[in-house]
Structure formats: structure tokens, C-alpha cells
Amino acid sequence: MDFAAFMAYAALFLTAAVKAGTPLLFATLGESITERSGNLNLGVEGMMLMGAVAGFQVGLSTGNPLAAIIAALLAGALGAGIFAFLTVTLRANQVVSGLSLTIFGSGIAGFIGQKLGGQVVPATVKSWFVQIKLPLLGDIPYIGPIFFKHDILVYTGYLAAIGLGIYLFHTRKGLNLRSIGENPGAADAAGLNVTLYKYAHILVGGALCGLGGAYLSLVHVPAWQENITAGRGWIAVALVIFTTWNPYKAVLGAYVFGGLDILGLYLQKFDIKVSQYLLDMLPYVVTILVLVATSIKKSKENKPPKALGEPYFREDR
Amino acid sequence: MTKKVIALVLVVMMAFSLALMTGCSAGTSGSKVKVGFVFIGPVKDGGWTEAHANGMNYLKEQLKVETMHREMVPEGPESKKAIKELINAGCNVIFTTSFGYMDPTLEMAKENPNVKFYHCSGFKTADNMSNYFGRMHEPRYLSGIVAGLKTKSNKIGYVAAYEIPEVISGINAFTLGVQSVNPNAVVKVRWSHTWIDSAKEKDAAVALLDDGCDVISQHNDSTSPQIAAQERGAFALGYNLDSRNAAPKAYMTAPIWNWGPYYVNEVKSIMEGKFKASAYHGGIKEGILDLAPLTDVAPAEAKAKVEEVRKKMVEGSFEVFKGPLQDQTGTVKVPEGKFLTYEEIFGTDMNWFVKGVEGKIEAQK
């Protein structure tokens, strides 16, 4: 294989990596802002599955892509709403509630999906998610086809990441949110409505997770399959740590992990002596390495929100 | 305190919602035989499990026996629980339909001598336990003929689950079929390392299409490789079931299972008191599997060619793994005049690819 052919093959790999990373990106963004509010929601997998099945079912029965997307967002938010009620209002253990949400979400998706097995997304819905080459940007050599020749949800992912980055780091409300994640007692004393902030961000985070799931069932596959997320929700939980709760880094992290997920498939073309089973492990190994690295480095920026996982009791302040 | 109780109750409710997934259905009673099935996937998976479920429904219709099933049962020791539940519910004939159920089925067979057990795709038997499977390499070979005639780029992709004899022999049989009509074509293999992750299986198919393949075959349980082929204007072969609705512009045919007649035969013999533990390996001749009807997408000349070989298979005068056969390095694995037996095709020595396959099998025993 000559150099030009290799570069062309590499570009195809990177294009596929962006696509494979998109569901991870939505889920990672959703979980990042959830955790920024101080709540650790381990139900990402469950919310993704709820979004995936709701989006698919609505897309199938209405043929309307917008309705399908809205259904997916609402389903994810519904799952997150249960979590928020349990952990914010009732102050239940966040880890247990999140794990239950994962089990609940896959149960409900399996139940609704019983009759959907093998069904395919209707053409009217598909037509919304065809590849669109962006003018100008899409013409950049090499970079253009990799990043700017995708479906509308991939672009939505870019915008969501940038939007959330600006929100978190450059707006007053974003600052408030971060302060609640660090020290809800102080934020409360400063007059912030801690409960409202937590609810709002957990719900929006859940909606994004639902959208990530729907990307799989409506765009990427697009056919229904039991347990369609196949563990991607857990990768997203790891990605949040990998990208240090930062939406900008989430873009990079999601595509790197998406790439790692399919790297083995593209390397099998070549006769190299690397076990595919080792390659399958890579995303998890990388996460552990990052965990170790960030805990050694002790930089303030890369630390998790200080009050993450702790229920907030006003009376304990 | 009340809040804590409510929280606890909600959490427990959410956890129990999982129980929704393990469905069960019962037909009409009236006969003293009650048949239980253990499935690895959901009944509507559009593939392996659905093919077995179709067989179950056929059995129910034909013999009017009561049936029950447990779906999405994990392999290994956990499957014993599902078998126990079926026995407790009164089942006296049990079919377990995945390779990993083999040892649990054997254990349960020893504990329950009055129940008849059937295990699919394994190799162990007992006094009250049979095993059954099919010569899938026969329809695989036929589907290879269709692919070999269709390809223009002479590169055919094959999305494969795991490096086990069943899959490897399928790839080899497929490649032999391809090369019988198109000696210049190669078969490129991508291991997905999953049976049922439709996104990953699609990624594998896309990787093959990116590598220049224009026909995609698969040994995975979802239809997403076929959808990937359609999106790129390429062509595809299914597996397990006729799946033409998933990707009508790409789908040509599929090697398919047809368990119904076997289930009816076996249960009938039990009703007549003629059960005898056996190892059953039916092929196209016995009707347990076949090649699905070719669609209009398939090349015109394929039909006659497939029919010609299929006829020989039905007559029993055709061996897929007939010597001389060389592996990828050119070493003769099956000499002239010899052919592989069923046990050799599905045994652990099936760890090599025939010439014409591009891919590798990681060392495993």
C-alpha cells in the first residue's frame, strides 16, 4: 500500500471514528453537566436505551424525524427525572439510584422493544439524517471529509459541545452551576436555588444521553436491536473523567474513544501482530491511565466537582 | 424517614422492572407433553433466536402441544436457573439453543432423568439428552456462489463474530463457494468480537466497504451489515432468516435455519414413547437449513448455478470440504480424494483459513 492510499484509508477510518464517537459525545456532555451539579448519575446506559427506544418507536409510528428526536430527548429526561427525584428530593444514595436507573432503562427499553426487533427506520426519517457536506468547510483537503461531511446530528454534537463550554465557563449561570458542584452550602448561602439548578441540569443531561442513544437507533444502525447501546453508556461515564468534566475536551475524547472502538476493525486489514482482544481493551486501559495521571498531577482544574456524589442537606450546612 | 422509605421502594421497583423482560408464553393445554425453550436473545431478534422461536411456533401449531420459553438467558451457570424454572412449570421436554448452555444442560439432565433434553450446537449427549445442529457449511457454500458471481471489485467482505470452528468453517465454506465461480475473488474477514452489537457490526461492515469490498456477508446476528452495504450501494447476504426487509436494495439471499420440522419430529417421537438420545446434524437434504430464495438483486446466472449444486447436496453427492484444499500459506490441509467429516468441520482443528481468505485467526486452542 503506497502512502497516498494509506492516507486515504486513514481518512476513511477517522470519518468512521467521528460517527462512532457521536453517541458517546452526547452522553458525555450530558453526564458532564449532570456531574457539574454535584450529582453522579450512573444511569447513562439506561437513559441512552430509553432515548434509543423512544426515538425509534416514535420515528417508526409517525415517520417524523423531529418527533422522534423530541421523544428521545424527553425519554432521557424522564429517566433523569426519576434519578433527580430520588437523589435531590429524597436524597437517596446516588450510586445505587444511578445503577437502578441503568437496570430500569434497559428493562423498559427491552419491554417496549420486544415488538421492534429487526424493524428498520422509515425512509422519511432517514432522509433527515443523510450526509450533508458543509460548504467551504467541507472543501478543506483531508480535514473537510473527516469532520464536515456528516449527518445533522454530528453537527449538532459540535454545537452542543461549544454551547455547553461557553455556558459553563463564560456565563454567570455556568459559574453558579460549578459553584453548586463544588460547595452547595456556600452557593445556597449566596442565594442560589440549589434544588432548581440540580434538577435542571440533571434533566438536560438526561435528555442529551437520550439523544446519544437515539443516534444509534435512528442514524447509526438504523434498525432496532435489543440492548443497542451495548455498554456505550459506561464508556461515556469513563469519558467524563477522561475529559475532566470539560465539554471542549469531551469532543476530542469522544472521537478518540469512538476511534479506539473501531480501530481493531481497520487494523485487521494489515498483517500486524497485535491481538484484537488487546485493542478491544484500549478504551478502558486509557481511562485507568488518565485516572492515575490526574490523581498524581493534583491540578485543580482536572479535579472532579468537590461535592460530587454527596446529597445536599440544607440543615447540615 | 418516610422519604427514605419512598426512595427505597422506588429503587426496588426500578430494579424489579427488569423482570418485565423475561417473558413467557403458554399455548393451549391438552397434551401431556409440555415443551420448554431456552433462548440466548430476544424472540424478535431478527436472527438466530427468532429462527428457533419460529420453529417453536411451528411445533405448537402442528402438534398442538403446550410450549414455554425463557428469552435472553445468559450462557453458563445462570442458564440452569431458567431450565429449573421451566421444569418447575411442568415442562418435560427442554430445548436449549446456544453453545454455552451445553454443560448446564448436561447437569440438569443428570438431575432430572424424567425430562428429555436437547442441546443445540454442542457435542455432549446423555441418556436423556440429545444434541442437534445443522451442516451450515452447505448453504454457506451456496451463498458464496451468489457473492462470487456478483462482485465486481473481486473483494468480498465477511463480518464474523468469534474465532470458533462454527464461524471459521462457515467462512471457509463461503470462500470455496466464491472461488468455485470466481477464482480471482478474495474474502476479507473482520472480527467484530460480538454476536449482538448492531452498531459494532455495522462499523465492521463499513470498514470492509472502506477497504474496497462490494459484497458483504456476515456471521453475526443483526441486520446492520446489510444496511451498511445498502447505504454504500453495495450488496449483502444475510444470515439466520430471510431479512430482505432490512435492506431490500442490497439483500440477495441468506443461509437460513428452519428448525420447525426437526422439533415436530422429535416431540412426536417422544409422544409415541420412542425417544432415543442422539446427535443430529441435518443439512439441506433434511430441510433443517437452506439458502433463502434469491431476490432480484442477485445476479441472474446465480440461480441456475445454485440449483445445480443444491441438487447434488440433496442427493448427498456433494462434499463442501473436499480435497485438495490448501490453507492460506499453500499447505495442503485436505489431500486429493479425502474430505472432512462433520466432526472435523466443527472440531477444534478447524483453526485455519482456506486459500483466498484475507484475515487471520488468533492463536487459540
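Three cavities of 30 Å³ or more are counted in this predicted model. A cavity is a set of points, on a 1 Å grid over the protein atoms alone, where a 1.4 Å probe fits but cannot get out. Chain B and chain A bury about 3900 Å² between them. Over all chains, 24 salt bridges are found.

Residues are numbered from 1 along each chain as its sequence is written, and chains are lettered from A in the order in which they are written. Because the model is predicted, local features need pLDDT of at least 70, side-chain atom pairs count only at pLDDT 80 or more, and totals for chains, interfaces and linings use all residues, while side-chain values use heavy atoms, with hydrogens and water left out.

**Cavities**

- The largest cavity has a volume of about 50 Å³. Volume here is the space filled by probe spheres set on the grid points, which are joined across faces, edges and corners.
- Both chains line the largest cavity, with residues including Trp224(A), Gln225(A), Asp45(B) and Ser198(B). Lining residues have an atom within 4 Å of a point.
- That lining divides into three nonpolar, seven polar and one charged residue. Ala, Val, Leu, Ile, Met, Phe, Trp, Tyr, Cys and Pro count as nonpolar, Asp, Glu, Lys and Arg as charged, and the others, Gly among them, as polar.

**The second largest pocket**

- The second largest pocket has a volume of about 870 Å³. A pocket is an open set of points with protein on both sides within 12 Å along at least five of seven lines.
- It has 34 lining residues, and the closest to its centre are Lys19(A), Gln131(A), Lys202(B), Glu231(B) and Arg232(B).
- Helix H1 (3-36) of chain A is one of the elements that supply at least two lining residues. H1(A) gives the largest share, five residues. Helices (H or I, at least four residues) and strands (E, at least two) are DSSP runs, numbered from the N terminus.
- By class, the pocket lining holds 18 nonpolar, six polar and ten charged residues.

**Where chain B meets chain A**

- The contact (heavy atoms within 4.5 Å) takes 45 residues from chain B and 49 residues from chain A.
- Carbon and sulfur atoms give 58% of the buried area. Buried area is the accessible area (1.4 Å probe) lost when two parts are put together, summed over both.
- Nine residue pairs are in polar contact across the interface, both at pLDDT 80 or more. A polar contact is a pair of N or O atoms within 3.5 Å; within protein, one must be able to donate a hydrogen and the other to accept it, and residues adjacent in sequence count only if both atoms are side-chain atoms.
- On the side of chain B that touches chain A, H7(B) supplies the largest share, nine residues.
- That side of chain B divides into 21 nonpolar, eight polar and 16 charged residues.

**Salt bridges**

- Three salt bridges cross the interface of chain B and chain A. Each is a side-chain nitrogen of Lys or Arg within 4 Å of a carboxyl oxygen of Asp or Glu.
- Asp211(B) pairs with Lys269(A), with the closest N and O atoms 2.3 Å apart.
- Arg314(A) and Asp188(A) also form a salt bridge (2.8 Å, N to O). Arg314(A) lies in the segment after helix H13 (276-297) and Asp188(A) in helix H9 (residues 184-189), so the pair ties together parts 126 residues apart in sequence.

**Backbone details**

- The peptide bond from Gly323(B) to Pro324(B) is cis, with omega near 0°.
- Ala230(A) is not a glycine, yet has a positive phi of about 45°.
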